[in-house]
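Please look over the sequence and the model before reading on.

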Amino acid sequence: MTRQIEDMKQLKIIISGGGSGGHIFPAVAIAKSLKQKHQNIDFLFVGAKDKMEMEKIPNEGFKIVGLWISGFHRGEILRNLLFPFKLILSLIKSILLIINFKPNLVIGTGGFASGPILYIASKFKKNDQKSDLMMSCHACKTYVHESLVIQNKGLYFCSKECANL
């Protein structure tokens, strides 16, 4: 893997995570660790608009793009009516981010913004080493570390999509 990274002209990585420090700071740590080992990496962070990652990530020296996404709000039915629109717009923006940035790798550390970008990334693949990004995902493998999902539900939610859990 290290040799593959060194042989590439520029590796592009999208990292998505936010909403709380428990999602943001692991994402930053991953980026800093990779950047320390390989200078030829271009990072793009994806977070939720108006959340703390929109301030914290640029303070660490990385670019970030915000999605208009949030979770459900208990007892606030009117606010929840916006959720389908937020999700659709976030999925569309995620498609555009993947097409325009052309990442080699997409990493999610949790939070509402991770869902749309990881879902869309899982639908893209590279046909061969020299091609542009094409639809569908067989070259991309999905791995989940179960500590980052609902306890004992990782296999239930991800068994069809994950290469390894």
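Which residue follows α5, and is its phi positive or negative? Helix α5 is followed by Lys 102, whose phi is positive, near 55 degrees.

## Basis of the report

The model is predicted, so that local features need pLDDT of at least 70 and side-chain atom pairs count only at pLDDT 80 or more, while totals for chains, interfaces and linings use all residues. Residues are numbered from 1 along each chain as its sequence is written, and side-chain values use heavy atoms, with hydrogens and water left out.

Helices (H or I, at least four residues) and strands (E, at least two) are DSSP runs, numbered from the N terminus. Buried means under 20% relative accessible area, exposed means over 50%, and partly exposed lies in between (1.4 Å probe, protein chains only).

## Helix α5 and the residue after it

Helix α5 covers residues 83-101, which makes 19 residues. At 1.5 Å a residue it should span 27 Å, and its end C-alpha atoms are 26 Å apart, which agrees; the expected span is 1.5 Å times one less than the number of residues. The buried residues of this helix are Lys 86, Ser 90, Ser 94, Leu 97, Ile 98 and Phe 101. Seen down the axis of α5, they fall within an arc of 100 degrees, so they line one face of the helix; the arc is that of the directions from the helix axis to the C-beta atoms. The face turned away from the buried side carries the exposed residues Phe 85 and Asn 100.

Lys 102 lies in the loop between α5 and β4 (105-110). Its positive phi occurs although Lys 102 is not a glycine, and the residue counts as partly exposed at 39% relative accessibility. Asp 50 also has a positive phi, of about 65 degrees, without being a glycine. Asp 50 is placed in the loop between β2 and α3 and is exposed, with a relative accessible area of 77%.

## Nonpolar cores and Ile 117

In soluble globular proteins, nonpolar side chains tend to be buried together. A nonpolar core is here a set of buried Ala, Val, Leu, Ile, Met, Phe, Trp, Tyr and Cys residues joined through side-chain atoms within 4.5 Å. The largest such core has 15 residues, and those with the most contacts inside it are Ile 14, Val 46, Leu 67, Leu 97, Ile 98, Val 106 and Ile 117. The elements giving two or more residues to this core are β2 (41-48), α5 and α6. A second, separate core of 14 residues includes Ala 31, Phe 45, Phe 62 and Ile 107.

Ile 117 belongs to helix α6 (residues 114-122) and counts as buried at 0% relative accessibility. Apart from neighbours within four places in sequence, Ile 117 is in contact (heavy atoms within 4.5 Å) with Ile 14, Ser 16, Val 46, Ser 94, Leu 97, Ile 98 and Val 106. Ile 117 and Ile 95 are 22 residues apart in sequence, and their C-alpha atoms are 7.7 Å apart in space.

## Aromatic pairs

Rings of Phe, Tyr and Trp (its six-membered ring) pair if their centres lie within 6.5 Å; planes under 30 degrees apart count as stacked, over 60 as edge-to-face and the rest as tilted. The whole structure holds two aromatic pairs. The rings of Phe 43 and Phe 62 have centres 5.7 Å apart and planes at 85 degrees, so this pair is edge-to-face. Phe 43 lies in strand β2 and Phe 62 in the loop between α3 and β3, so the pair ties together parts that are 19 residues apart in sequence.

Phe 45 and Phe 62 form a tilted pair, 5.1 Å centre to centre with 50 degrees between the planes. Phe 43, Phe 45 and Phe 62 form one aromatic cluster. Phe 43 is buried at 4% relative accessibility, and Phe 62 is buried at 14%.

## Salt bridges

A salt bridge is a side-chain nitrogen of Lys or Arg within 4 Å of a carboxyl oxygen of Asp or Glu. Three are found in the whole structure. In one of them, the closest N and O atoms of Lys 32 and Glu 60 are 2.6 Å apart. Lys 32 lies in helix α2 (residues 21-37) and Glu 60 in the loop between α3 (53-59) and β3 (64-67), so the pair ties together parts that are 28 residues apart in sequence.

Lys 63 and Asp 42 meet in a salt bridge at 3.1 Å, N to O. Arg 79 forms a salt bridge with Glu 76, the closest N and O atoms being 3.0 Å apart.
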